[in-house]
Amino acid sequence: MHTVHRTPSVAVTTRAAKDIATESLVIPIFEEDSLDDLDGLDQASGGDLGRARSRGEFRGRVFELFSMSAAGWKAGRVILVGAGKRADCQAERLRRVAITAGLTARRRGMTTITILNRAGTLVQPEVAAQVLAEGAVMSNFDGASYKSGGDPRVWLDHVDIHVGSTSTAIEQAAARGRIVGECCNMAREMANEPGNGLTPRLFADRAVAIAKTAGLGVEVLDEKQIAGLKMEMLLGVARGSAEPPRVIVLRHEPKHAVDGVVLGLVGKGVTFDTGGISIKPSLEMDKMKDDMSGGAAVICAMSAIARLNLPVRCIGVVPTTENMPGGRAIKPGDILTSAEGKTVEVLNTDAEGRLILGDALWYVRQLGATHLVDLATLTGAVIVALGKTTSGIFGRPRTWVDEVLRASERAGDRSWPMPLFEDYKELFKSEIADFGNTGGRPAGAITAALFVEEFTGTLPWVHMDIAGTSWADETKAYQPKGATGVGVRTLVELALDAQAWGTRA
Ligand code: BES
Ligand code: MN
Ligand code: ZN
């Protein structure tokens, strides 16, 4: 396999634009920009830029590109990236501009770029430095990796960020963005990995390697230990496969941590979901290799949290298994007893995610979590409700849901709150067990979340359904087709803010 991502070095610069020696100087341009602040850019282009602007060749619309050489400037090439309307410019716009710029530079064979921030007061300089670094690093990622023959890819090896000024906080923000971007890329790499390259055991091996590099505590429970804990819902799902399940447990225990708070992060780690006996149609079943995206997000976010040494205790639990229709597979109608003791009638073996999450949420509570967040590619129904670019957020109490929503907004992981009204519980009643594992088509994302809630005790809990957002079906200027790394930045942002929510009444 070829490398699919590399992390460039990142530095902050305050040189004047024309004095920056770089292969590619990236300048975001807003639609209403006069370019007056970029003194002499038009002259340096020999009037080319002004002419392109006036005939509408380059209007500054989002992700439009204009490439020029600038006479008398030190940069080899100047790449203007459309940034849309100035008033719409938030951190996420800058992050995407940086990704677009990095991908463009790489396509043109360039290995060093400098990105200027021209958002002015719209985005704080620290925030701009972080998101520009995140974006530049995320541009150093490619999907396909198993093509034979030489690897023709060009990688960025150095990125300079220019946000107008510098300070320790700005430099730290850029360094933070570099780590967060790298951890997003690691999550994308794992979610792109085919099912035979990432079985539960191989997934656990990778988690161990990532944890060791980051300085996280790590433990992997095997099928015997899982049986010892009576996680019958996880064992039930795993029974249809020749591959044994694992539970990956990660710990971040910093010396100085917010008192009385333990963030419990749980991620769905189904390395391939055939549906089991309730088997899925063949069309696009290959996509079900990404059914461990939630687990990858938890592992990679915890890696970032440890590398940034964030002052909040964190426990990550990732239950991982295949969902296969083998001869010993669970059958529709089977009854399983969860580790918590609640009984479930398995009405549909394809509703496996909620089963493994239930046992994992119970387990992270046993380990001492005080605040829960789970991430899962849980339902097709969330795609019907919110489409491919917005994750569904569920949970309680409202204050905790709002914390996670705000974190997702800072992270650029677009999310929207969904209801958990009691009435919906009618839909997944069982005649003979405490409840069934599906409620049918109506409100499918909500009944799945309500099922998961059964295993969260009385703790604050948020569930993010990332079934739509974990995978991009189409290449966009800022996102190659494939795994998106959704959730990594949200969890890091949540941990970054722990001092605030951990001490709030
Ligand atoms: N992993 C799937 C959810 C999914 C569907 C993710 C489409 C990405 C794209 C999950 O395990 C599943 O199969 N859910 C079922 C639940 C149903 C049987 C109640 C679904 O959504 O169809
Ligand atoms: Mn399924
Ligand atoms: Zn699934």
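1. A quick word on terms before the tour: a residue is called buried under 20% relative accessible area, exposed over 50%, and partly exposed in between, using a 1.4 Å probe and protein chains only. C314 falls in the buried group, with a relative accessible area of 1%. C183 is buried too, at 0% relative accessibility.

2. Some ground rules. This is a predicted model, where local features need pLDDT of at least 70 and side-chain atom pairs count only at pLDDT 80 or more, while totals for chains, interfaces and linings use all residues. Residues are numbered from 1 along each chain as its sequence is written, chains are lettered from A and ligands numbered from 1 in the order in which they are written, and side-chain values use heavy atoms, with hydrogens and water left out.

3. Back to those cysteines. Taking a disulfide as a pair of cysteine sulfur atoms within 2.5 Å, the count is zero. C183 is in none, as its nearest cysteine sulfur belongs to C300 and sits 6.3 Å away.

4. Most residues other than glycine have a negative phi, and most peptide bonds are trans. Here, R396 and P397 are joined by a cis peptide bond, with omega about -10°. You'll find P397 in the loop between β15 (391–396) and α12 (398–411); helices (H or I, at least four residues) and strands (E, at least two) are DSSP runs numbered from the N terminus.

5. F63 has a phi of about 70° and belongs to the loop between α2 (48–54) and β3 (65–68). A443 has a phi near 50°, in the loop between β17 (435–436) and α13 (444–453). Is each of them buried or exposed, or partly exposed? F63 is buried at 17% relative accessibility, whereas A443 is partly exposed at 27%.

6. On a 1 Å grid over the protein atoms alone, a cavity is a set of points where a 1.4 Å probe fits but cannot get out, a pocket is an open set with protein on both sides within 12 Å along at least five of seven lines, and lining residues have an atom within 4 Å of a point. There is one cavity of 30 Å³ or more, and the largest cavity holds about 50 Å³. Elements giving two or more residues to its lining are α5 (168–192) and α9 (293–307). Its lining residues include R188, S293 and T484.

7. The largest pocket has a volume of about 1,100 Å³. Its lining has 41 residues, with K280, D350, T379, G380 and A381 the closest to the centre. α10 (353–366), α11 (381–386) and α13 are the elements that each contribute two or more lining residues.

8. The second largest pocket comes in at about 890 Å³. Of its 34 lining residues, A91, E92, E409, R410 and G412 lie nearest the centre. Elements giving two or more residues to this lining include α3 (91–107), α4 (125–138) and α12. Which domains supply at least three residues each to the lining of the second largest pocket? They are domain 1 (9–181) and domain 2 (193–504), with bounds from an automatic or database domain assignment.

Conventions: Points joined across faces, edges and corners; volume = space filled by probe spheres on them.
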